[in-house]
Amino acid sequence: MMDDDRFTLVGLYVSPAVADALEEHIYDQAGVVDLESYFAESTPPVPTDDPGAIATNEFVSELIAEFATLYDEAVFDAVEAVEPDEFELVRLAATPSRVASLRERFEAAATIQESDLRTVHTAILAAKLSSAVTLE
């Protein structure tokens with residue numbers, strides 16, 4: 001199937017603390033030193049044999065599988081302490097179907113929370129990476 005033969009990118013806006021925790025997680029998984037710039041120059045499709053892409057694809061898969069639980073654990077109000085201009089864009093590679101599924105979940109969560117995507121991205125990823133993140 002074509003979807004399994006390539007990765008595409010999804011951009012998430014997160015707080016600096018979440019960006020650091022995510023970078024540390026992906027470093028532990030694949031040795032990616034600077035996640036912020038790792039996919040910055042990439043244009044889809046991203047090679048499926050790229051170790052960073054493999055690690056972020058797995059991370060996206062976990063986010064999708066755990067999304068309901070992470071939503072329940074997320075502290076959306078804590079993200080209000082983050083100044084709007086402090087959010088960082090982090091790009092992750094995943095299969096196109098996973099990217100679409102993750103986007104749908106984030107958009108639904110933003111609608112339910114009556115919030116912006118930056119808040120939802122940060123709160124959900126902070127819940128996922130909770131052992132390494134403080135939002136304030």
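This is a predicted model: local features need pLDDT of at least 70, side-chain atom pairs count only at pLDDT 80 or more; totals for chains, interfaces and linings use all residues.
Good morning. By the axis of a helix I shall mean a line fitted to its C-alpha atoms over the stretch in contact, and the angle between two such axes runs from 0 to 180 degrees between their N-to-C directions. With that definition, the axes of α4 and α5 come within 9 Å and cross at roughly 110 degrees. Angles from 65 to 115 degrees count as roughly perpendicular, so α4 is roughly perpendicular to α5.

The protein chain contains five helices and two strands. Read from the N terminus, its elements follow the order β-α-α-α-β-α-α. The chain has 136 residues, of which 45% count as buried. Among contacts with a separation of 6 or more, 80% are between residues 24 or more positions apart.

Let me now turn to α5, residues 117–128. This helix has 12 residues, and from first C-alpha to last it reaches 16 Å, close to the 16 Å expected at 1.5 Å a residue. How many of the residues of α5 are buried? The count is 10 of 12, so that the helix is mostly covered. The buried residues are Thr119, Val120, His121, Thr122, Ala123, Ile124, Leu125, Ala126, Ala127 and Lys128. Against which elements do they pack? Their partners are strand β1 (8–14) and the helices α1 (16–30), α3 (51–73) and α4 (96–113).

Of these partners, I shall take α4 next. Its 18 residues should span 26 Å at 1.5 Å a residue, and this agrees with the 26 Å between its end C-alpha atoms. Buried in α4 are Pro96, Val99, Ser101, Leu102, Phe106, Ala109 and Ala110. The buried residues of this helix pack against β1, α3, β2 (88–94) and α5.

Here we come back to the pair with which I opened. The crossing of α4 and α5 is right-handed. On the α4 side, the residues in contact are Phe106, Glu107, Ala109 and Ala110; on the α5 side, they are Leu117, Val120, His121, Ile124 and Leu125. By class, the residues of this contact comprise seven nonpolar, one polar and one charged.

Next, the pairing of α4 with α3. The axes of these two helices come within 10 Å and cross at roughly 30 degrees. Which orientation follows from that angle? The two helices are therefore roughly parallel to each other, and their crossing is left-handed. From α3, the contact involves Asn57, Val60, Ser61, Leu63, Ile64, Phe67 and Tyr71, which meet Arg98, Ser101, Leu102, Arg105, Phe106, Ala109, Ile112 and Gln113 of α4. Nine of the residues in the contact of α3 with α4 are nonpolar, four are polar and two are charged.

Helix α3 also meets α1. Their axes come within 9 Å, with a crossing of roughly 120 degrees. That angle makes α1 oblique to α3. The crossing is right-handed. Helix α1 contributes Leu22, His25, Ile26, Gln29 and Ala30 to the contact, while α3 contributes Pro51, Gly52, Ala55, Thr56 and Phe59. The residues of this contact divide into six nonpolar and four polar, with no charged residue.

Thr95 lies in the loop between β2 and α4. Is Thr95 buried or exposed? Its relative accessible area is 7%, and the cut-off for buried is under 20%, so Thr95 is buried. The C-alpha atoms of Thr95 and Ser61 are 9.2 Å apart, although the two residues are 34 residues apart along the chain.

At 74% relative accessibility, where over 50% is the cut-off, Glu114 counts as exposed. What is the phi of Glu114? The value is near 50 degrees, which is positive in a residue other than glycine. Most residues other than glycine have a negative phi.

In summary, α4 is roughly parallel to α3 and roughly perpendicular to α5, while α1 is oblique to α3. Thank you.

Technical notes: Residues are numbered from 1 along each chain as its sequence is written. Side-chain values use heavy atoms; hydrogens and water are left out. Helices (H or I, at least four residues) and strands (E, at least two) are DSSP runs, numbered from the N terminus. The expected span of a helix is 1.5 Å times one less than its number of residues. Buried means under 20% relative accessible area, exposed over 50%, partly exposed in between (1.4 Å probe, protein chains only). Contact means heavy atoms within 4.5 Å. Angles under 35 degrees count as roughly parallel, over 145 as roughly antiparallel, 65 to 115 as roughly perpendicular and the rest as oblique. A crossing is left-handed if the near helix is turned anticlockwise from the far one by less than a right angle, and right-handed if clockwise. Ala, Val, Leu, Ile, Met, Phe, Trp, Tyr, Cys and Pro count as nonpolar, Asp, Glu, Lys and Arg as charged, and the others, Gly among them, as polar.
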